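Okay, thanks for coming, everyone. Let me put the structure up, and then I'll walk you through the sheets, the cores and the charged pairs.

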Amino acid sequence: MRCTGTRIHTNKMVKLSIIILSYNTKNLTIKCLESIIKIYKEELERGEFEIIVVDNKSNDGSADAIKKYNSKLKLVQNESNLGFAKGCNIGERAAKGKYMLFLNSDTEVRDRGFLKMMEFLEKNEKVGVLGGKLLNIDGSPQPSAGKFYTLFNLFLMLAGIENFLGIRKSPNKTSRVDWVSGGCMMIKKNLFERLSGFDEKFFMYIEDMELCYRANKLGFLTYFYPDVKVLHKELGSGNRDFAIINIYKGISYFYSKHKSGIEYII
């Protein structure tokens, strides 16, 4: 693992660390970075925000492109593709912010809503995890929050009707939910460390729900915050078959870890 880049104004307290995992998404990652730097230029220059890109051994020239684009970003280069959970954990260990924002590389930030998300967490001590609104390219909302997968909810998912019954959703107002998507997830650094980060046995998918589940067991709430706009080019960093396989692997592991033997067998 190699870490490159320099920090801006290290004497300033870093309020927010934006952690982006990159794997063969060179052009998407650059667009994501451009959108953040354009909207949060002042916060970055003052050292209140920092951007950490973790590259999972991309073979499309991502790391070189990121270094050329902005040498002041912190770039962590892994020696292999470690998956989402482990890659994000590595990024968090390199971060100095009070709050961590995990952001997909196939997103574009459209407003200054991250400031309001931090303010919300500051005012609500029992809220440990906060999810931001993700939008499709056409501006329609993506279901990026939901309920924990009980056996009944799993049946609805298998039947393909979970979105219609609110198992996965995108609320129009600030709402308490069971879990939020790791595509735009803000969490207090001290809580993330208390939870030992994402469970690295998840390669990709379900790790966000499982983190919220463990936070809930400690008494912390998860909320969805719609007053932020992040465009998400869904599956821009993966493919559907890969997603389906890893979602089912993740659910199986989640049940083996947190549920009874009978529920796991069912």
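So, strand S8, residues 145-146, pairs with S9 in the antiparallel sense over two bridges. Strands here are DSSP runs of E with at least two residues, helices are runs of H or I with at least four, and both are numbered from the N terminus. Two strands count as paired if DSSP finds at least two bridges between them. Within this pair, Gly 146 has Arg 168 in S9 as its bridge partner. Zoom out, and you get an open sheet of three strands in the order S9-S8-S11, with antiparallel pairing. Strand S9 (168-169) and strand S11 (179-180) are the edge strands, each pairing on one side only.

Before I go on, a word on what you're looking at. This is a predicted model, so local features need pLDDT of at least 70 and side-chain atom pairs count only at pLDDT 80 or more, while totals for chains, interfaces and linings use all residues. Residues are numbered from 1 along each chain as its sequence is written, and side-chain values use heavy atoms, with hydrogens and water left out. pLDDT is the predictor's confidence in each residue, from 0 to 100. The chain averages 90, and 90% of the residues score at least 70. Watch residues 6-11, though: pLDDT stays under 50 there.

Now some parallel pairing. Strand S3 (residues 49-55) and S4 pair in the parallel sense over four bridges, and Val 53 has Leu 75 in S4 as its bridge partner. Getting from S3 to S4, the chain passes through helix H3 (residues 62-69), and this β-α-β crossover is right-handed. That label means that, with the strands pointing away from the viewer, the path from the first strand over the helix to the second runs clockwise. Strand S4 (residues 74-77) is covered on both faces, with Lys 74 and Val 76 buried on one side and Leu 75 and Gln 77 buried on the other. Buried is under 20% relative accessible area, exposed is over 50%, and partly exposed is in between (1.4 Å probe, protein chains only).

On to the cores. A nonpolar core is a set of buried Ala, Val, Leu, Ile, Met, Phe, Trp, Tyr and Cys residues joined through side-chain atoms within 4.5 Å. The largest has 42 residues, and those with the most contacts inside it are Phe 102, Val 180, Ile 187 and Phe 198. Helix H8 (residues 207-217) gives the most to this core, with five residues. There's also a second, separate core of 37 residues, including Tyr 40 and Phe 114.

Last, charges. How many salt bridges does a search of the whole structure find? It finds 15, each being a side-chain nitrogen of Lys or Arg within 4 Å of a carboxyl oxygen of Asp or Glu. Take Glu 108 and Lys 233, whose side chains meet at 2.6 Å, N to O. Glu 108 sits in strand S6 (residues 107-109) and Lys 233 in the loop between strand S13 (221-232) and helix H9 (240-258), 125 residues apart. Glu 108 counts as buried at 16% relative accessibility, and Lys 233 does at 18%.

Asp 199 and Lys 257 form another salt bridge, with the closest N and O atoms 2.7 Å apart. Asp 199 is in the loop between helix H7 (189-194) and H8, and Lys 257 is in helix H9, so this pair ties together parts 58 residues apart in sequence. Here Asp 199 is buried at 11%, whereas Lys 257 is partly exposed at 34%.

Technical notes: Contact means heavy atoms within 4.5 Å.
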